[in-house]
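Try each task before reading its solution.

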Amino acid sequence: MGGHPTRRLCRFLRPRPSRVAAALLVALAAAWLAACGGIPVPDTGPGSGSDDEEGSRPSPPPPPPRRATLLSVGDIFLHDSLLQAGRDPATGNYDFRPFLDPVRDTIRTADLAVANLETPVAGKAAGYSGYPLFNAPDALLEALRDAGFDVLTNANNHSLDRGARGLIRTYESLDRFGFVHTGTARSPAERDRVAMVEVNGVRIAFTAYTYGTNGIPLPEPHMVNLIDEERIAADVARARQAGADLVSVSLHFGNEYQPEPSPEQERLVEAALDSGADIILGHHPHVLQRAELRDGKAVLFSQGNFLCGQIGEDRMTSALFWLDIEKDVTTGRAAVTGIRFEPVYIHKARIAGRLVWRPLPAAAAARDPARYGVPPGDVPVLERAFRRAVERLEAPGVQLNGSREAVASRQAL
Ligand SMILES: [Zn+2]
């Protein structure tokens, strides 16, 4: 892919602090349209002109499709080890931005980036904590925003770790940092809003559901989206009515640490696709599970951990996923045309005297460990992570990201 000038422009012009998810989402979409809608997506095809021509010419060449890339990663939650590492003992302030240094530029090249936030951000007064009842500082959201994430899903088994108050504080923090977010709500009306983002003329709606909340009862039924096939179908239909070209359904489901999807995961994915979902973003097993491209639809059964302090190479291995999206301007139909992935390993290192936990591009870091501050002894870990991710993910329509030469050299790992 070449660098699209419009992409940078859009990202730069993206409105920062936002208030309320969905109303704002419409506003966000409008702002994007204003900022970017009039600029045609660069394309090498002939006659790539404006797509709002009168249409009365004899046989105008068909307009080029609109294209967008959606980047997706798995679970983000901070164990005590990461909390401690992100804290400056001199000031007591937190900064997790250095954790994302190795992937920031890559994430920012995507038109849109989504992740699963699996921790409340319940405020300092509640006390920050890792497992089992998580509460991360706002600095985590700052780091994710800075890294280029736009959308966070947060229906998961830790949504209620800090009760209703923590959930509401998290909701407000996500608004404050300008994220589009979905999965929890403060009111029934808020639950029913459509979280939609328009990028390069493609409208993508995001929804998110979890199998449960670790036995903590929902204070109000609307607060956390629980997996319910009828509800998912109704939400997908509502998103379509609101004008979504593609509907993404995040499912927090499956069995922890299992490299294969469970029969229940398979069943729920079928049901969501049958109800019209185009993209399934799976998480919760904390390890990678296979991805599938099916007739213009993408299924990521489990994206693994993107940032956390779990133990074990499999749990620290994940991937950056890119979904390539095309929208036919004439028919108005949009589809996922390809899935690409970059194997990633959450590596613990001491950089400039401080511990950092960084999702590293496994192949690049294995080839040039010094550049990434990786001790030579850790290179085999990165190589194994790369091979594990490729083994689990590579499939028809699901391929390593990058040029053929780069892929060939990485496959030599
Ligand atoms: Zn989970």
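**Exercise 1. The whole chain**

Task: State how many helices and strands the protein chain has, and what share of its residues is buried.

Solution: Note that this is a predicted model. Start with the elements: the chain has 12 helices and 15 strands. Next, take burial: of the 413 residues, 49% are buried. Last, look at contacts with a separation of 6 or more: 72% of them join residues 24 or more positions apart.

**Exercise 2. Helix α8**

Task: Check the span of helix α8 (residues 229-241), then find where its buried residues lie.

Solution: Step one is the length.

Step two is burial. I232, D235, V236 and A239 are the buried residues of α8. Down the helix axis they fall within an arc of 100 degrees, so they line one face. E230 and Q241, on the other side, are exposed.

Step three is the neighbours. The buried residues of α8 pack against β6 (202-210), β7 (246-252) and α9 (263-274). After α8 comes G243, with a positive phi near 105 degrees.

**Exercise 3. Strands β13 and β14**

Task: In which sense do β13 (residues 334-351) and β14 pair, and what links them?

Solution: First, the pairing is antiparallel, over eight bridges. For example, A349 stands opposite V356 in β14. Second, the two strands form a hairpin with two residues between them. A352, in the turn, has a positive phi of about 50 degrees. Finally, check cover: in β14 (residues 354-361), six of eight residues are buried.

Notes:
Residues are numbered from 1 along each chain as its sequence is written. This is a predicted model: local features need pLDDT of at least 70, side-chain atom pairs count only at pLDDT 80 or more; totals for chains, interfaces and linings use all residues. Helices (H or I, at least four residues) and strands (E, at least two) are DSSP runs, numbered from the N terminus. A residue is buried if 20 or more other C-beta atoms lie within 10 Å of its own, exposed if 12 or fewer, and partly exposed in between; C-beta atoms are placed from the backbone. Two residues are in contact if their C-beta atoms, placed from the backbone, lie within 7 Å. The expected span of a helix is 1.5 Å times one less than its number of residues. The arc is that of the directions from the helix axis to the C-beta atoms. Two strands pair if DSSP finds at least two bridges between them.
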